[in-house]
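I opened the model to follow a few residues through their surroundings and kept notes as I went. The entries below are in the order in which I looked things up.

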Amino acid sequence: LDFQSLRFIEANENIVFLGPSGVGKTHLATAIGITAAKKRTSTYFIKCHDLIQNLKKAWLENRLESRLKHYTKYKLLIIDEIGYLPIDPEDAKLFFQLIDARYEKRSTIFTTNVNFKSWDEIFPEPKLANAILDRILHHASVVTIVGESYRLKHYLAPENE
């Protein structure tokens, strides 16, 4: 409920929803994003893979600075599904530039299924993974969600239920 107050946006803080696939991380992030948008807070939702592809395209077209400004202007950026797909070292550097540009200036909500100790598996350069985490977690609320996938619950239920 505190997140719905959007107090974290005024404080330029982040939220990280951490947990396995199908437990509602994206649903929660989206609900907060809708609340922010309804209160006329500039909000943008994007999947991590799409974000990185957009940054990479901008870099190749020599428009990276304007693309970073685009993503930095939103008071709330929601980056969904960090860790579902691997990120190559050059793309990780682009991601870091965005996180660094938003650090202590804007709020970001992240959803991930990867524990922080394993982020060097997402971002292949450990120093870079650490720098990204350092900026994300410095002013962040981390919500760890445990449980079974809501999508698979029906299929994994015992036969007699």
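I began with Trp119, which touches Ile82, Thr112, Val114, Ala129, Ile132, Leu133 and Ile136, contact meaning heavy atoms within 4.5 Å and residues up to four places away in sequence not being counted. The model is a predicted one, in which local features need pLDDT of at least 70 and side-chain atom pairs count only at pLDDT 80 or more, whereas totals for chains, interfaces and linings use all residues. Residues are numbered from 1 along each chain as its sequence is written, and side-chain values use heavy atoms, with hydrogens and water left out.

Buried means under 20% relative accessible area, exposed over 50%, and partly exposed in between, with a 1.4 Å probe and protein chains only. This core has 30 residues, of which Ile79, Phe95, Trp119, Phe123 and Ile132 touch the most other members. At least two of its residues come from each of α3 (48-60), α4 (64-72), β3, α5, α6 (119-122) and α7 (126-138), where helices (H or I, at least four residues) and strands (E, at least two) are DSSP runs numbered from the N terminus. I also noted a second, separate core of 14 residues, which includes Phe8, Ala36, Ile78 and Ile109.

**Entry 2, strand β3.** I found six of the seven residues of β3 (residues 76-82) buried. β3 pairs in the parallel sense over five bridges with β2 (residues 43-47), pairing requiring that DSSP finds at least two bridges between the strands, and Ile46 stands opposite Ile79 there. β3 also pairs in the parallel sense, again over five bridges, with β4 (residues 107-112), in which Ser107 is the bridge partner of Leu76.

Which side chains make polar contacts with the side chain of Asp80? I placed Asp80 in β3 and read a relative accessible area of 0%, so Asp80 is buried. Its side chain makes a polar contact of 2.9 Å with that of Lys47 and one of 2.4 Å with that of Thr111. A polar contact is a pair of N or O atoms within 3.5 Å; within protein, one must be able to donate a hydrogen and the other to accept it, and residues adjacent in sequence count only if both atoms are side-chain atoms. Beyond four places in sequence, the contacts of Asp80 include Thr26, Phe45, Ile46 and Cys48.

I traced β3, α5 (residues 89-102) and β4 as a right-handed β-α-β unit; right-handed says that, with the strands pointing away from the viewer, the path from the first strand over the helix to the second runs clockwise. The 14 residues of α5 reach 20 Å from first to last C-alpha, close to the 20 Å expected at 1.5 Å a residue. The buried residues of α5 include Asp91, Phe95 and Arg102, and among the elements that cover its buried residues are α3, α4 and α7. At the start of α5, I noted a side-chain oxygen of Asp88 within 3.1 Å of the backbone nitrogen of Glu90, and just after α5, Glu104 takes a positive phi of about 60°.

Key: A nonpolar core is a set of buried Ala, Val, Leu, Ile, Met, Phe, Trp, Tyr and Cys residues joined through side-chain atoms within 4.5 Å. The expected span of a helix is 1.5 Å times one less than its number of residues.
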